Amino acid sequence: MNNILILSISILILIILFLTIILIIGKNKIKEIIVPLDTSKQQINELLKQKYKVYKEIINFMKENLSIKETAFKEFLDFKTTECTQSDLINILDKTTHEINDYVYNYDNILKDNNFLELKRKLYKIQVNLEATIDYYNNKIILYNALKSSGPTSFSTKFFEFDEYNNVSNEKKEISRLINLN
């Protein structure tokens, strides 16, 4: 009787130990994905802010060198980056891209100006890095969600709380004339 009790307790301890190990390994696997997710999210925010600054330079250049409506770019210029979400910033940049493109299409000579070409190069580099970082981030989210919902790592999500990450919109629309270097 004592041997059966000792064997039962030993098996129970081994099961608890095994489950604890699975929990810890699962938690660590999920955390391994969180670090690059957080890093790339930060990079996206920095690139968006850089893009915003270059857009300000482009708009100032356009206002100085073109005859444009007084109300042009009002929404962009009134926008407060300190009080916005990432998606708000993406939306205002997308709207402004269209607005800038409207002027660029109407003023072909601006495309030949060296100062404008330099701004385009800056913007192009930022855009390429931004799109690559967003793609990386979105792919990591897929892995993160897969780890949280399947296999032994999903067991960890029942005991530990993990943040939710949302995809960043990265619609690769036509490359605008503004950032096209051809």
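This is a predicted model: local features need pLDDT of at least 70, side-chain atom pairs count only at pLDDT 80 or more; totals for chains, interfaces and linings use all residues.
Let's start with the overall tally: the structure has six aromatic pairs. Take tyrosine 52 and phenylalanine 76, whose ring centres sit 4.6 Å apart with the planes at 40°, so this pair is tilted. That angle falls between the cut-offs, since stacked needs under 30 degrees and edge-to-face over 60. Now look at where the two partners come from. Tyrosine 52 belongs to helix α1 (residues 2-65), while phenylalanine 76 belongs to helix α2 (residues 74-78), so the contact ties together parts that are 24 residues apart in sequence.

Next, hop over to tyrosine 144 and tyrosine 165. Their ring centres are 5.1 Å apart and the planes meet at 90°, so here we have an edge-to-face pair. Tyrosine 144 is in helix α4 (residues 114-149) and tyrosine 165 is in the segment after α5 (153-157), so this pair links parts that are 21 residues apart in sequence. Tyrosine 144 is buried, with a relative accessible area of 0%, and tyrosine 165 counts as buried at 7% relative accessibility.

Finally, back to where we began. Tyr52 and Phe76 belong to one aromatic cluster that also takes in Tyr55 and Phe79.

Terms used. Residues are numbered from 1 along each chain as its sequence is written. Side-chain values use heavy atoms; hydrogens and water are left out. Rings of Phe, Tyr and Trp (its six-membered ring) pair if their centres lie within 6.5 Å; planes under 30 degrees apart count as stacked, over 60 as edge-to-face and the rest as tilted. Helices (H or I, at least four residues) and strands (E, at least two) are DSSP runs, numbered from the N terminus. Buried means under 20% relative accessible area, exposed over 50%, partly exposed in between (1.4 Å probe, protein chains only).
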